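Let's take a walk through a protein model, one piece at a time. Keep the picture open while you read.

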Amino acid sequence: MLLLGALLILAFPAPNLEFLAWFGLVPGLVLIVRSPTGREGGMRAWWLGAGYLIAALYWMTPEIGPAVLLVGAVVGALWIPFGVAAAKLLRPPVTWPRALAALVVVPSCWLLTEWLRSWQALGGPWAVFGVSQWQHPAVLALAAVGGVWLISFALVMVNVAIVLVLESLPRLTPGATLRPGLAVLGAAVAVAGVGAGPLAFALTPASPVAREATIAMVQPGIVHNAVQRVDASERLTAELSGSGELSGVKPDLIVWGESSTAVDLTLPENRDQLAKMESLASRGGADLLVNQDTTVPGKGQEKVGVLVGPEGIRGQYIKTRLVPFGEYIPFRQQLGWLTKISRAAASNMIPGTGAHLLYPVDRAGKPLPIGVLICFESAFPDMSRVDTDKGAQLIVYQSATSTFQGTWGPDQHASLSAVRAAETGRPTVQAALTGVTAAFDTRGRLLAWMGQSSHGVVSVRLGLPAASAKTFYDRAGDYVPWSALAIVILATLVMFANSRGFPGRSAGAKGEHEAQYVAGQSVPQ
């Protein structure tokens with residue numbers, strides 16, 4: 001089961017075998033269905049979930065060591081309801097009521113697991129199943145309707161439908177009788193699940209373009225020295241000025257990656273550094289969005305997105321959602337020992353107070369409302385949705401993943417921006433120090449990609465929707481996981497009622513008497 005769970009990660013970057021997500025759960029589900037009891041099915045699902053998470057987070061092993069196994073073992077337990085539901089509802093012989101219930105309840109259990117582990121204290125929503133479809137705008141259209149949660153639901157539902165077909169064919173399922181009706185039901189649901197995305201894409205056109213903006217993203221490459229890293233970013237930015245090689249590009253905003261400077265630009269002793277950035281903004285004709293990784297006296301370490309214009313600092317955003325173990329250790333009193341055997345955070349970073357917009361000024365002199373989020377925050381659907389609700393026309397991510405260079409981690413991270421774009425109907429850009437720097441349009445279509453082995457400047461011209469434009473997901477919020485929660489609760493109550501034999505589970509005899517029938521004897525008339 002561990003291996004079957006781990007194989008699902010091949011649907012994500014960098015392998016990008018995204019088609020695997022549509023049937024990759026089938027082997028695990030079949031083994032769960034073959035469980036002798038519902039409890040055993042839950043245990044098998046626990047192992048499946050643990051393997052899935054451990055494989056998804058393998059690239060964090062050098063940073064947090066055995067905590068990867070700990071996260072997989074603990075959080076994997078959230079898949080137990082998924083296994084119990086699959087074992088009870090899909091065990092042959094499958095009846096029509098159980099088949100119909102399985103197509104809704106089993107995906108809801110999976111979805112509830114993803115939603116619960118999206119709580120930051122449990123690691124955050126990394127490797128949500130629906131993100132595997134990041135390269136397909138036609139499938140991402142479901143995100144505009146119900147967020148990444150709706151894509152996950154559709155994927156799992158198709159896998160359940162395939163299992164239903166297999167359980168209806170006696171040649172594939174020993175002891176089963178041919179059930180053509182159930183086979184047709186499973187096939188129809190599988191086709192409907194695959195076609196739901198393209199249908200949503202056709203019925204939900206993108207919002208009209210209200211304005212355009214050119215964004216330049218600076219990727220200096222691997223530069224470990226903090227001073228040299230700033231120098232590299234400054235040199236690349238200077239190429240956008242009138243005398244530079246990239247002078248033909250006229251950006252409205254220039255974005256640097258996370259931790260692009262190690263000094264606090266608000267302090268008087270760092271005035272020279274700020275003056276250089278102001279000069280770059282003036283010569284390039286565009287504001288700079290840089291990012292400082294500094295220790296604030298009397299507070300602690302913070303990561304801050306700083307918007308710099310020709311006249312100084314226009315605004316700041318402090319990173320709110322921190323990376324578990326990398327930037328803080330949850331339950332440090334109990335898990336602090338991890339710092340002795342890994343590179344887990346020696347001290348907890350200080351989080352910000354929440355999302356708010358920054359307003360760079362474009363080349364026409366108009367303010368451009370942008371939502372700025374930092375690195376790991378791209379994993380959280382609610383954060384980009386809050387920025388959209390506040391009127392952001394563009395979502396900007398600043399990232400630094402040099403610690404995980406050469407692994408699948410940076411590519412997985414960049415793929416999240418495509419899903420956030422489709423959910424909010426806003427273009428997204430991600431500027432990374434060492435890759436991946438990327439840009440996506442309002443439907444999640446890839447516009448630019450600079451990988452981990454490259455350095456330079458990426459520029460894109462983006463069509464921006466009106467600040468008031470909203471997708472259905474923007475307006476309705478997380479109704480899909482809330483609905484999944486209601487379905488799981490209802491299914492649990494029904495299962496409990498059936499196990500207790502009420503209501504109406506016995507017939508004929510009243511009170512404490514039981515009707516008894518003796519073989520070979522007829523009932524008196």
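Two strands count as paired if DSSP finds at least two bridges between them. Helices (H or I, at least four residues) and strands (E, at least two) are DSSP runs, numbered from the N terminus. What you're looking at is a predicted model, where local features need pLDDT of at least 70 and side-chain atom pairs count only at pLDDT 80 or more, while totals for chains, interfaces and linings use all residues. Residues are numbered from 1 along each chain as its sequence is written, and side-chain values use heavy atoms, with hydrogens and water left out.

**A sheet around β8**

Start with strand β8, where Leu394 is the bridge partner of Ile370. Another bridge links Ile374 to Gln398 of β8. Strands β7 (residues 370-374) and β8 (residues 394-399) run parallel to each other, paired over five bridges. As a rule, strands of a sheet pair through backbone hydrogen bonds, either parallel or antiparallel. Both strands belong to an open sheet of six, in the order β6-β7-β8-β9-β10-β11, and its pairing is mixed. At the edges sit β6 (357-358) and β11 (446-450), each pairing on one side only.

How many residues of β8 are buried? Six of its six are, where buried means under 20% relative accessible area, exposed means over 50%, and partly exposed is in between (1.4 Å probe, protein chains only). Leu394, Val396 and Gln398 are buried on one side, and Ile395, Tyr397 and Ser399 on the other.

**A second sheet, and helices on both**

The other open sheet of six strands goes β5-β4-β3-β2-β1-β12, again with mixed pairing. Here the edge strands are β5 (312-318) and β12. From one strand to the next, the twist averages 30°. Strand β4 (residues 300-309) pairs with β5 in the antiparallel sense over six bridges, and Leu307 stands opposite Gly315 in β5.

Contact means heavy atoms within 4.5 Å; axes are lines fitted to C-alpha atoms, for helices over the stretch in contact, and angles run from 0 to 180 degrees between N-to-C directions.

| Helix | Residues | Angle to strand |
|---|---|---|
| α13 | 381-389 | about 160° to β7 |
| α10 | 226-238 | about 135° to β1 |
| α11 | 271-284 | about 35° to β4 |

Helix α13 lies across β6, β7 and β8, while α11 touches β3, β4 and β5.

**A helix with a kink**

Now find α9 (residues 180-203), which has 24 residues. From first C-alpha to last, α9 reaches 33 Å, close to the 34 Å expected at 1.5 Å a residue (the expected span is 1.5 Å times one less than the number of residues). Where does α9 kink? At Gly195, by about 40°, shortly before Pro198; the bend is the angle between axes fitted to the seven residues ending there and the seven starting there. The buried residues of α9, including Leu182, Leu185 and Val189, pack against α7 (96-117) and α8 (137-167).

Thr214 sits in strand β1 (residues 209-219). Thr214 counts as buried because its relative accessibility is 10%. Its side chain makes a polar contact of 2.8 Å with that of Arg461; such a contact is a pair of N or O atoms within 3.5 Å, and within protein, one must be able to donate a hydrogen and the other to accept it, with residues adjacent in sequence counting only if both atoms are side-chain atoms.

Ser454 is in the loop between β11 and β12 (456-465). With a relative accessible area of 30%, Ser454 is partly exposed.
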